[in-house]
Amino acid sequence: MTLLDFARGPALQWSLIILVFGVLWQLLGTILIGVKKDLSKPRRNTAVRDGLATIATRSLPEHQFEKKIRFQHFSGYAWHVALFIAVLFSAPHILFFESVLGFGWPHLPNGIILVTAAIALAILFALVIRRLSHPVQRLISNADDYISVIVVIVPLVTGMLASAHIGARYETLLAIHFLSVEALFVWFPFGKLMHTALTFPSRFRAGAAFGRRGVKA
Amino acid sequence: MRKHQTLGVYLHAQGVSRRAFLKFCSATASLMALPPSAAAQVAAALAAARRPSVIWLSFQECTGCTESLTRSHAPTLESLIFDAISLDYHHTLQAASGESAEAARIAAMEENEGEYLLVVDGSIPLGNPGYSTIAGMSNLDMLRETAGGAAAIIAVGTCAAFGGIPHASPNPTGAVSVSEIITDKPIVNVSGCPPIPVVITGVLAHFLTFGTLPDLDHLGRPVAFFGQNIHDRCYRRPFYERGQFAHTFDDEGARKGWCLYELGCKGPTTYNACATLKWNEGTSYPIASGHGCLGCSEPDFWDKGSFYTPISAGLWGSRETLIGAAAAGAALGVGSALAARARKKKARAAEEAES
Amino acid sequence: MSVDNAAFRDFRESLERLGIDTPSEVISDEERVRRAKQTFMDKLDGRMAVDLTTCVHCGMCAEACHFYEATQDEKYAPVHKFEPLRRFYRRELSPMRWLFRPFTRDITAQDLETWQELVYDACTGCGRCDMMCPMGIRLSTLINVMRQGLASAGLVPAELQALQNEQRDSDTVFGVGAGKLREVIDRLGRQGIEIPLDKDQAEVLVLTTAVEVLLFSDALAATAKILNRLGADWTMLSQGFEAANIGLVSGDEVTQKRATAKIVEQAKACGARTVILPESGHAYQALRWEGANVLGEVLPFEVLAMSEFIAREIDAGRLKLKSPANGSSVTYHDPCRLGRHGGVIEQPRQVLKALGLDFREADSNGRENFCCGGGCGEYVIKRSAPLRQKAFEIKKREFDETGADTVITSCANCRINLMIGADNAGWQKPVESLVEKVAASLAE
C-alpha cells in the first residue's frame with residue numbers, strides 16, 4: 001500500500017471515525033450536563049429570538065470594544081472567511097466532500113483558491129505572532145492553542161504545495177496533505193477547535209440569558 | 001538471419017539508410033535524456049553491436065503487451081530494432097512448438113550464458129504452481145531457470161513489473177511481479193497496461209550502447225520515460241489550473257476538451273510518457289481521446305477505487321462505519337453527561353450537608 | 001440632597017477597621033482544595049461547560065476589563081481569572097475527563113490563594129467581558145463560581161468575610177439593625193417625612209440597605225416622598241429591611257440564601273404584591289434574578305428597582321414631575337448589576353428625560369458601561385484600593401468627557417465607590433442619586 005493509498009483509505013476512514021465519534025462525545029457530553037431551570041420571572045419571553053440574534057450580532061464588535069480589538073477582530077474573521085473559501089470552494093475538496101457526503105457544489109478557479117489560502121496563511125501567521133508576543137495571549141495560551149494552530153497551518157501549507165505541485169512528487173504532496181487534514185480531524189474533538197460547533201450554543205445561551213433580563217447581548 | 005551479424009549490417013541489409021539510422025539514434029538519445037553528443041556514440045555502438053539473444057517469457061498475461069509491441073500498422077525503426085534482436089524464444093510469435101520450442105530456449109540459454117536478455121510479461125502465480133504452466137513447467141520454475149544466466153531482465157507490462165491485474169485484490173493465484181522472485185539480477189520495469197513500444201526499444205538501445213541499464217526510478221522504471229507524471233505534460237493542464245472541468249462524459253466541458261480530473265483521471269499520480277510520446281505513432285493517448293488516465297503504469301492501479309473516482313476523493317469504507325461511530329460517540333457523550341450529573345448531585349448533597 | 005460629610009468620613013474610617021479582628025478559620029490545604037472542588041462540582045453547569053470548551057484564548061476579554069485597561073497587567077485578563085476552574089472542569093467534569101486528567105495539572109491550595117487576589121480584588125463581576133467575548137462566553141458567571149469555590153475554601157478576603165459573618169450570624173450589615181433603622185425613620189418623621197414601619201399588611205414592601213441608612217438617608221427620604229405622593233399602601237419592616245446580600249458578593253451560598261429567605265418570608269407575611277429595592281445593584285440581582293433560584297421557588301410578588309418603579313409610574317401618568325428652571329447637565333452611571341446584569345437601562349434614562357435635564361451619555365454606557373471599580377463588595381477590600389483608584393481614572397475621564405456637571409447613578413455602592421475615588425483624586429464633580437433627583441422635582 002502506498003502512502004497515498006494509506007492516506008486516502010484507512011487513515012481517512014479512521015480519522016473520520018474519530019472525528020465523528022469525538023465530536024458527538026464532546027458535544028453531547030458537554031451540553032447534556034444540563035442547566036438548572038431559571039425560576040426568576042423573565043422581563044421578556046423572547047429567549048429564542050434573543051439567542052439567535054446574538055449568534056449573529058456577536059460577529060460584529062460593539063462600538064465600545066471595536067476600537068480596541070479591531071486588528072484581532074477583523075483578522076480573526078478574515079482568516080475564517082479565507083479558510084472557508086479555500087476549504088469549501090476548491091474543486092478537489094468539493095470532490096472529496098462529494099465522496100463523503102454524496103453531493104457537491106460549484107467551485108472556484110485554482111488561482112483564486114491559492115491566493116485565498118495564502119491570505120489565510122498570512123493572517124494566521126500574524127495571529128500566531130500576536131499570540132507569542134502579546135502578554136495576555138502568551139499568558140492564557142496552552143498546548144491546545146499551539147497544537148490547534150499547527151494542525152490547521154500544516155494542511156494549509158501542504159494543500160497549497162499539492163495544488164501548485166511543488167516540493168515533491170504529486171502523490172507524496174497529496175498524501176501528506178491528506179494525512180495533515182486527518183491529523184486535524186483527529187485533534188478536532190479534543191481541543192478548542194470544538195469552538196466550530198460550540199460557539200453557536202454558547203452565543204445562543206448568552207443571548208437568551210441576557211435577553212430574558214431585557215439586555216441585548 | 002545470422003546470429004553473429006552486427007546490427008548495422010543487418011539494418012543496412014533491410015534497406016535502412018545511414019541517414020535514417022542516425023536519425024533514429026539521435027531520437028533515441030534524446031528520448032533517453034542523453035546529451036546530443038551521445039547520438040554518435042549510440043550510432044557507433046548500435047552499428048557494431050552484435051544482435052543480442054532475447055528470451056521472452058509470457059506468464060499470467062493477456063498478450064496485450066506483445067500485441068502492443070508487434071501490431072504497429074506500419075513498420076517503424078523501433079519495430080526494426082525489435083526485429084533486429086535475435087528473439088530466440090517467444091511462445092506467441094515463434095514458429096516452433098512443443099519440445100522443439102523448449103529446446104530453442106535451452107539452446108539460447110546455453111549458447112548465450114550470462115549475455116542474453118530476458119524479457120518477461122505477465123505475473124507469476126505463487127498460490128499453486130499449477131495455475132500457470134508451460135510445457136509442464138511452472139512459471140516460477142521457468143523464471144528461476146531462465147533468469148539464472150540472463151544479463152538483465154526487462155519486466156514488460158504492469159503484470160510483470162508490479163503484479164498487475166492478476167495481482168489485483170483478492171489475487172486468487174497469489175500473483176507476484178518478477179522483482180519479487182528474482183533479486184540478484186538487474187531488472188528494468190517497463191510498466192503500463194500495455195507499455196509504450198518505444199520504451200522497450202529505448203531500453204534495448206541503451207543496453208546495447210552502454211552495456212548497462214538506464215537510470216531507474218524508485219519503482220525500477222527508466223526515469224527517462226517515467227520521470228514525469230501525465231498531468232504535468234498534459235495538454236489539458238491549463239483547464240485544470242483555471243478550474244474548468246468536464247463533469248460528465250457528454251457535457252459541454254467534455255466537448256470542449258476540459259480537464260478530466262473530476263471524472264477520475266489519474267494523470268497527476270501516474271508516471272508515464274503517454275502525454276509526450278503518445279500511442280499509435282504519436283496519434284493520441286487516452287486523455288486526448290476524452291477518457292481520464294487509468295494510472296495503468298502504477299502498482300496496484302486496479303485496486304485504487306473506481307477509475308471514475310477523483311483522486312482527491314477518499315477511498316474509505318462505508319458511511320455505515322461513520323454512522324456507527326456517531327452512535328457510539330453519542331452514547332458515550334450521553335453516558336459521560338449522566339455520570340457528570342451524578343457527580344454534581346453528590347457534590348450538591350455534600351454541600352448541603354456541610355452548610 | 002447631599003451627603004453628610006462627617007458621616008462619610010466616619011464610614012471611611014469604619015472601612016479601615018473592617019475585618020481586622022475577623023477570626024480566620026484554620027483549614028488545612030487539602031481541606032481547602034476539597035471544599036473548593038466540591039463547590040466547583042456543584043456550581044459548574046452545562047452552559048459553563050460549553051463556555052469552557054469553546055474558549056479560543058483570543059484574550060479579547062482583557063480589553064473589556066477596567067482593571068486590565070487601567071494597569072495593562074496581563075494577569076487581569078478575565079479569562080485568566082477562572083483558569084483553575086477550567087483545569088478542574090477538564091479533570092473532573094468534562095466528558096473527556098479520563099483523557100484530559102493526565103495532561104491537566106490539578107488545582108492546589110497555592111492556586112486558590114493566588115487566585116484570591118484575581119477574583120476578589122481585581123474583578124467586580126461587572127460582566128463587561130461577557131459583552132465582548134466573540135464566543136458568547138459569560139465570563140462573569142465563571143469568575144463567580146471561582147468566588148464561590150474560594151468562599152467554601154475559607155479564602156474570602158477578611159473585610160468581606162467580616163461582613164458576610166455579620167449578616168450570616170446576626171442579619172445585620174455594618175451593624176445596622178432594627179434600632180438604627182428606627183432612629184433614622186424617627187429623624188425623618190420629625191422632618192415631616194412619614195415612613196410606615198411594620199404594617200401588618202401592605203401592597204408594597206420597601207427595602208433599604210445599611211449603607212443608605214448610614215450615609216444616604218436622603219435617598220430613603222426621597223423614596224418615602226415619592227411613595228407617599230403616589231398614595232401607595234406601603235411599609236418597611238424592621239425585621240426585613242436589609243436588601244444588601246453579602247453572601248451573593250462573597251460567594252457564600254448559605255449567607256446569600258439566608259438573606260434572601262428573610263426578605264421573602266417577610267414580604268409573604270405582609271402580603272406584599274410588590275417589593276421595591278433601594279438603589280443597589282447587587283440587591284437587585286440577589287432578589288430579582290437570583291432570589292427564586294436560590295430558594296428554589298417562584299417568588300409570589302414582583303420585584304422592582306426604585307428607578308424601574310419610578311419610570312413605570314411616570315409612564316403611567318401617576319407621577320408628575322416639574323422641570324427645573326435651568327436644566328443642569330447630567331450623565332448617568334449604569335450600575336453593572338442593575339444595567340448589564342439587570343436590564344434596567346432604559347428606565348433611568350426615561351426618568352432623567354422626564355426631569356428635563358440636559359442628559360449626556362458617556363462614551364461607555366448602558367450594557368457597555370464601565371464599572372465604578374468597586375462593585376461586588378470590592379470597595380471594602382483595603383489592599384485593592386490602589387487598583388480601584390486606577391480604575392476610577394477611567395470613570396473620571398469618561399465623566400469629564402461628557403462635560404456634565406453632575407454624575408447620577410442609582411446604586412449606593414457605586415456612589416460610595418465613586419465618591420471615595422473622587423475624594424482621593426480631589427475630583428469635585430458631585431455623584432448623586434436618581435431617586436433624590438426625582439423626589440426634589442415632584443410637581444406640587
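This is a predicted model: local features need pLDDT of at least 70, side-chain atom pairs count only at pLDDT 80 or more; totals for chains, interfaces and linings use all residues.

Visitor: How many helices and strands does chain C have?

Guide: Along the principal axes, the C-alpha atoms of chain C fill a box of roughly 75 × 50 × 40 Å. In secondary structure, chain C has 22 helices and eight strands.

Visitor: What is the radius of gyration of chain C?

Guide: For 444 residues the globule rule gives 22 Å. The value for chain C is close to that, so chain C is as compact as a globular protein of that length. Its radius of gyration is 22 Å.

Visitor: Which strands stand at the edges of the open sheet of four strands in chain C?

Guide: The order of this sheet in chain C is S6-S5-S7-S8, with parallel pairing. An edge strand has a single partner strand, so one side of it is left without a neighbour in the sheet. The two in that position are strand S6 (358–359) and strand S8 (431–433) of chain C.

Visitor: Which helix lies across S5, S7 and S8 of chain C?

Guide: Helix H19 (residues 346–354) of chain C lies across strand S5 (329–333), S6 and S7, and runs at about 170° to S5(C). The helix you want runs at about 165° to S8(C) and spans residues 412–425. That is H21 of chain C.

Visitor: Are H20(C) and H21(C) roughly parallel or roughly perpendicular to each other?

Guide: Helix H20 (residues 385–402) of chain C packs on H21(C) with the axes 10 Å apart, at an angle of about 95°. Among the residues that meet are Phe392(C) in H20(C) and Leu418(C) in H21(C), and by class this contact has three nonpolar, three polar and three charged residues. Angles of 65 to 115 degrees count as roughly perpendicular. The two helices are therefore roughly perpendicular.

Visitor: How many charged residues are in the contact of H8(A) with H9(A)?

Guide: Helix H8 (residues 143–164) and helix H9 (residues 170–187) of chain A pack at about 155°, with their axes 8 Å apart, and that makes them roughly antiparallel. H8(A) passes H9(A) in a left-handed crossing. Residues that meet include Val151(A) and Leu161(A) in H8(A), and Leu174(A) and Trp187(A) in H9(A). The contact divides into 15 nonpolar, five polar and no charged residues.

Visitor: Which helix gives the most to the side of chain C that touches chain A?

Guide: This interface puts 49 residues of chain C in contact with 48 residues of chain A. Helices H3 (46–54), H8 (128–132), H16 (281–289) and H17 (291–295) of chain C each give two or more residues. By class, the chain C side has 23 nonpolar, 13 polar and 13 charged residues. The most, seven residues, come from H3(C).

Visitor: And which helix gives the most to the side of chain C that touches chain B?

Guide: Here seven residues of chain C are in contact with 11 residues of chain B. The chain C side has four nonpolar, two polar and one charged residues. With four residues, spanning positions within 29–43, the helix that gives the most is H2 of chain C.

Methods: Residues are numbered from 1 along each chain as its sequence is written. Chains are lettered from A and ligands numbered from 1 in the order in which they are written. Two residues are in contact if their C-beta atoms, placed from the backbone, lie within 7 Å. Ala, Val, Leu, Ile, Met, Phe, Trp, Tyr, Cys and Pro count as nonpolar, Asp, Glu, Lys and Arg as charged, and the others, Gly among them, as polar. Two strands pair if DSSP finds at least two bridges between them. Axes are lines fitted to C-alpha atoms, for helices over the stretch in contact, and angles run from 0 to 180 degrees between N-to-C directions. Angles under 35 degrees count as roughly parallel, over 145 as roughly antiparallel, 65 to 115 as roughly perpendicular and the rest as oblique. A crossing is left-handed if the near helix is turned anticlockwise from the far one by less than a right angle, and right-handed if clockwise. The radius of gyration is taken over C-alpha atoms; the globule rule is 2.2 Å times the number of residues to the power 0.38.
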